[in-house]
There are 2 protein chains.
Amino acid sequence: MALRMSTLFLRTLREDPADAELPGHKLLVRAGYIRRVAPGIYTWLPLGMKVLGKVEDIVREEMNQIGSQEVKFPALLPREPYEATGRWTEYGDNLFRLQDRKETDLLLGPTHEEMFCLAVKDMYSSYKDLPLSLYQIQNKYRDEARPRAGILRGREFIMKDAYSFDIDQAGLQKAYDGFREAYVRIFNRLGFEYVIVHADSGAMGGSASEEFLAVNENGEDTFVRDEHGYAANVEAVTVPQAAEIDASSTPTAQVHDTPDTPTIATLVDALNANHARTDGRSWDGADTLKNVLVMLAHPDGTREPLAIGLPGDREVDAKRLEVQVAPAEVEPFEEKDFAAYPMLAKGYIGPGVLGEEKSSKIRYLLDPSIAVGSAWVTGADEHGKHVLHLVHGRDFTADGTIQAGEIRQGDISPDGKGTLKLARGIEMGHIFQLGTKYAEALGLKVLDENGKLVTVTMGSYGVGVTRAVGVIAEDNNDEYGLVWPREIAPADVHVVVASKDAAVYVRTDEIVRQLEAQGLAVLYDDRPKVSPGVKFKDAELIGVPTILVIGKGLADGKVEIKDRRSGERREVAVDAVVTSVVDEVRGS
Amino acid sequence: MALRMSTLFLRTLREDPADAELPGHKLLVRAGYIRRVAPGIYTWLPLGMKVLGKVEDIVREEMNQIGSQEVKFPALLPREPYEATGRWTEYGDNLFRLQDRKETDLLLGPTHEEMFCLAVKDMYSSYKDLPLSLYQIQNKYRDEARPRAGILRGREFIMKDAYSFDIDQAGLQKAYDGFREAYVRIFNRLGFEYVIVHADSGAMGGSASEEFLAVNENGEDTFVRDEHGYAANVEAVTVPQAAEIDASSTPTAQVHDTPDTPTIATLVDALNANHARTDGRSWDGADTLKNVLVMLAHPDGTREPLAIGLPGDREVDAKRLEVQVAPAEVEPFEEKDFAAYPMLAKGYIGPGVLGEEKSSKIRYLLDPSIAVGSAWVTGADEHGKHVLHLVHGRDFTADGTIQAGEIRQGDISPDGKGTLKLARGIEMGHIFQLGTKYAEALGLKVLDENGKLVTVTMGSYGVGVTRAVGVIAEDNNDEYGLVWPREIAPADVHVVVASKDAAVYVRTDEIVRQLEAQGLAVLYDDRPKVSPGVKFKDAELIGVPTILVIGKGLADGKVEIKDRRSGERREVAVDAVVTSVVDEVRGS
């Protein structure tokens with residue numbers, strides 16, 4: 001049955017909603033696809049349900065295609081399995097926790113590794129039962145600190161999560177490859193630009209993982225690409241250890257008075273004014289060694305300081321750092337913390353006091369770009385003083401290295417062969433080779449061919465379903481409204497009656513019936529008292545790819561077909577309208 | 001693609017699960033449709049998903065048929081709207097409440113009247129926008145005190161909830177009638193016996209409501225029917241006020257010593273031993289007036305006593321009482337409560353001290369069967385004493401009446417014309433004329449034809465979707481397993497290879513492909529190392545209505561078709577197998 005605008009639960013808005021920032025999000029609200037209920041929590045209106053259903057169908061088809069079996073686990077889950085794997089604590093504030101009337105702890109599932117693992121443990125016992133692949137399309141819950149951009153990062157959202165179970169790594173690799181190919185098919189069908197990047201496994205654990213990122217300048221993820229096809233999430237970029245440098249001709253370290261230089265910029269100015277280099281070039285931030293202090297808050301409630309040394313022209317990348325220190329969370333090193341470490345001369349901190357063996361006993365990790373043998377200007381651990389020619393390996397050492405420095409456009413690729421370009425993306429899919437982390441924690445073992453118990457090897461695979469609708473909207477719009485790809489659109493054709501003549505409605509009813517008889521889904525603007533101008537505006541806002549306008553021309557046997565994306569219009573004879581629309585929709 | 005038993009995520013069980021009581025529940029677990037995760041919280045396995053999908057499709061079809069539009073609201077909801085209607089408190093312990101990281105109160109939606117009401121308020125403003133009917137099929141949450149019987153009463157469950165919005169009562173009646181008819185169609189298709197009964201509106205508020213009850217001896221609801229077509233949930237039965245009796249010849253009330261008669265049984269024995277009636281018959285419980293005390297716990301935390309007077313041969317019906325006093329909850333009147341009311345002589349309490357104007361000041365309500373003018377034996381408010389010939393209206397009065405006495409087989413119908421029969425049922429659907437309760441609380445008004453703001457009139461309509469699967473299983477099974485109705489079955493035909501001969505599998509693969517080409521959904525037992533006996537047992541347990549057995553007979557060109565419900569088997573020629581199975585499935 002046609003969706004009739006006269007009865008459709010819809011109120012299009014001419015103004016942007018106050019709480020939306022991104023163009024696609026604004027349009028989804030204005031065109032009546034979604035409606036905000038609370039931060040990060042949305043209602044799907046009738047048009048939104050159509051689009052969401054299309055995306056779910058694509059995901060379901062491709063999952064079934066690779067033999068994954070659909071199940072549905074509860075969203076409300078017991079604490080114990082998540083306690084066993086540590087995630088009850090590790091998820092921190094992101095996990096919605098609650099208690100039932102008996103004060104039993106429960107949670108709203110963020111992902112379901114534990115539950116699938118236990119179900120398989122309960123039901124299967126032999127290598128003969130494997131391989132196994134299961135999926136569900138289901139509401140997930142994460143109490144995001146900053147729910148943003150509408151359905152791009154919600155607190156209640158629909159995800160397709162899948163899990164594979166194999167007897168060994170070779171089996172896992174095969175399952176992983178199968179999912180990777182299915183994901184390529186899914187994202188090719190969804191109609192937005194994406195890139196597959198090496199990713200960090202984060203709180204999920206496990207070894208190899210890749211992300212499918214929608215390329216989008218408003219994305220929260222930064223990724224890099226080089227000219228040889230390398231692509232990675234910045235969190236997953238491994239800066240190579242710089243090769244050792246010969247420091248035999250480097251002068252001995254010298255402490256200099258550098259008053260009022262607590263920042264890299266003031267330091268560089270002072271150096272250039274008072275300590276001209278012998279090689280003729282000016283000092284810049286890259287010649288300085290910046291030591292950044294943070295506090296790590298561990299899940300058990302303890303706090304621990306950490307010092308990171310990196311070239312002064314680079315910042316610590318908060319996300320890269322988070323990944324390295326997880327499950328600990330990063331907190332600022334505050335004035336009260338400085339008070340507890342009197343040997344730290346704020347603004348003039350140097351390797352002299354940093355390190356587990358030094359006076360502060362603060363763990364000190366270096367950026368891998370700090371080569372052994374390289375010389376630095378850095379803090380002399382006294383207010384107003386810096387030390388020059390301080391050589392790594394000769395004059396100072398650290399407790400290790402850390403991949404936490406920012407990655408910049410033009411940096412060298414990890415393999416040393418390419419040059420990195422940076423772009424922004426939105427995580428749309430993530431595939432993980434979990435290995436045995438969950439199976440070990442929960443005791444999922446099966447008998448192998450020799451009757452020996454072996455731990456099952458798992459993979460986990462996610463697609464953000466509601467998020468996909470958001471990204472498609474961000475990637476498919478113009479100044480007039482949304483422009484859905486055909487496979488995702490809420491209808492195949494939007495029929496607009498541009499007339500107040502009752503006879504035109506009667507004829508259009510008939511055409512709509514004929515279009516439906518051809519299997520087309522029709523959105524029918526049959527509102528008798530709404531002006532053609534408003535109807536056209538609504539049609540462009542809603543974004544069905546083909547618009548059929550039936551109005552005055554009908555008297556001369558003519559109707560108009562408009563392509564929403566190109567804006568092209570063409571007149572066709574009303575007698576040929578059904579064939580013309582079907583051809584347009586089916587692309588012949 | 002056929003569901004292949006060799007890879008299907010399934011492990012059938014020969015033993016009943018320890019935590020299941022009802023036959024259908026046991027079989028759903030044993031046959032691998034569902035799996036318990038926590039009390040009242042279940043996972044749907046692949047076969048369960050098929051059945052659940054069938055039920056959802058039926059419900060969705062019938063909702064679309066009456067022009068209701070599908071939407072999806074979040075399950076995680078803000079407190080404020082539920083606070084505005086009072087349900088945040090009224091739901092008591094049944095509501096799952098939680099807080100987010102900012103300590104904002106949230107809840108898991110038990111039903112969504114408030115949210116739909118607010119969405120319509122936000123989007124619509126005129127009578128021209130109405131009527132409107134919306135529905136969703138979605139997870140609901142209720143923290144049941146006693147989750148039981150598997151998916152029949154879960155704490156997370158799928159419900160189809162729908163809401164209608166109209167300008168006036170006539171519109172609501174029309175919407176209500178439409179839903180009622182759609183529900184009749186839905187429940188006719190689902191394959192279990194049901195009855196439509198007058199119902200109490202309970203915590204939902206509103207006026208008229210009817211329940212669709214599955215007739216089931218294990219049901220938690222009791223309903224009555226009479227020979228003239230009257231049917232009601234016992235909570236909704238209105239016992240008529242007994243007509244006044246002429247008490248002019250009744251002797252004056254007399255207090256007698258009745259030592260050791262704190263119960264109706266001991267009292268009746270004592271009466272028959274010591275106080276022979278003048279009319280020749282014996283005393284029985286129906287001659288006595290029993291006064292029952294309970295404590296009402298109000299949502300605001302206060303407690304209030306209530307006394308109920310009813311014939312001594314009847315009990316107070318806990319559910320009928322609950323409905324009358326909601327949102328207060330009923331608690332026992334304990335020893336400490338008696339201590340606070342020294343005028344109550346436990347076991348000998350009479351109307352002498354009960355009532356807001358009497359010494360106890362306890363509100364005193366009578367069963368409507370207590371006629372004005374009727375004479376009673378009842379407590380004399382002194383230990384070991386009762387009073388005889390105490391006449392209602394002459395010797396005592398009460399503060400009102402209450403519909404809380406038990407309803408019994410053989411009672412007269414509310415209209416006085418029929419005789420009630422009792423039966424048990426399971427609530428499968430509930431339709432409510434809510435009226436303006438929610439719209440008033442949340443300010444949902446629209447302009448009427450005269451430009452005047454009027455409050456919108458709502459209806460709400462629910463179907464228990466997961467519960468329906470449970471009831472179908474309870475109603476369709478035998479000693480061997482489940483016996484699904486065709487429209488609900490996880491597959492159209494279960495193909496069993498009863499052979500270890502590879503050639504038979506090859507031929508069966510081909511037959512399965514042909515069956516699928518005819519549009520049939522096939523469950524295919526292709527397990528090469530499993531014995532025919534085990535396969536037959538599994539097929540009976542799983543309960544697909546048509547079983548096709550391909551085995552030794554194939555050499556002679558014969559296969560066997562078995563009807564799961566009747567147990568009938570017939571041989572057919574392998575050349576005609578596809579036609580035969582299609583005919584069997586399609587019923588021609």
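Colleague: How much area is buried between chain A and chain B?
Modeller: About 4,800 Å², with carbon and sulfur atoms giving 61% of the area buried between chain A and chain B. Buried area here is the accessible area (1.4 Å probe) that two parts lose on being put together, summed over both.
Colleague: Which three residues supply more of the area that chain A buries than any other three?
Modeller: Phe9(A), Arg101(A) and Met123(A), which supply 17% of what chain A buries against chain B. Bear in mind this is a predicted model: local features need pLDDT of at least 70, side-chain atom pairs count only at pLDDT 80 or more, and totals for chains, interfaces and linings use all residues. Side-chain values use heavy atoms, leaving out hydrogens and water.
Colleague: And how many residues does the contact take from each chain?
Modeller: 53 residues from chain A and 53 residues from chain B, where contact means heavy atoms within 4.5 Å.
Colleague: OK, charges now. How many salt bridges between chain A and chain B?
Modeller: Six, a salt bridge being a side-chain nitrogen of Lys or Arg within 4 Å of a carboxyl oxygen of Asp or Glu. One of them joins the side chains of Asp122(A) and Arg35(B) at 2.9 Å, N to O.
Colleague: Which helix gives the largest share of chain A's side?
Modeller: Helix 5 (residues 113–123) of chain A, with six residues touching chain B. Helices are DSSP runs (H or I, at least four residues), numbered from the N terminus.
Colleague: Switching to chain B, why is helix 5 largely enclosed?
Modeller: Because eight of its 11 residues are buried, meaning under 20% relative accessible area (1.4 Å probe, protein chains only). Among them are Phe116(B), Cys117(B) and Val120(B).

Methods: Residues are numbered from 1 along each chain as its sequence is written. Chains are lettered from A and ligands numbered from 1 in the order in which they are written. Helices (H or I, at least four residues) and strands (E, at least two) are DSSP runs, numbered from the N terminus. Buried means under 20% relative accessible area, exposed over 50%, partly exposed in between (1.4 Å probe, protein chains only).
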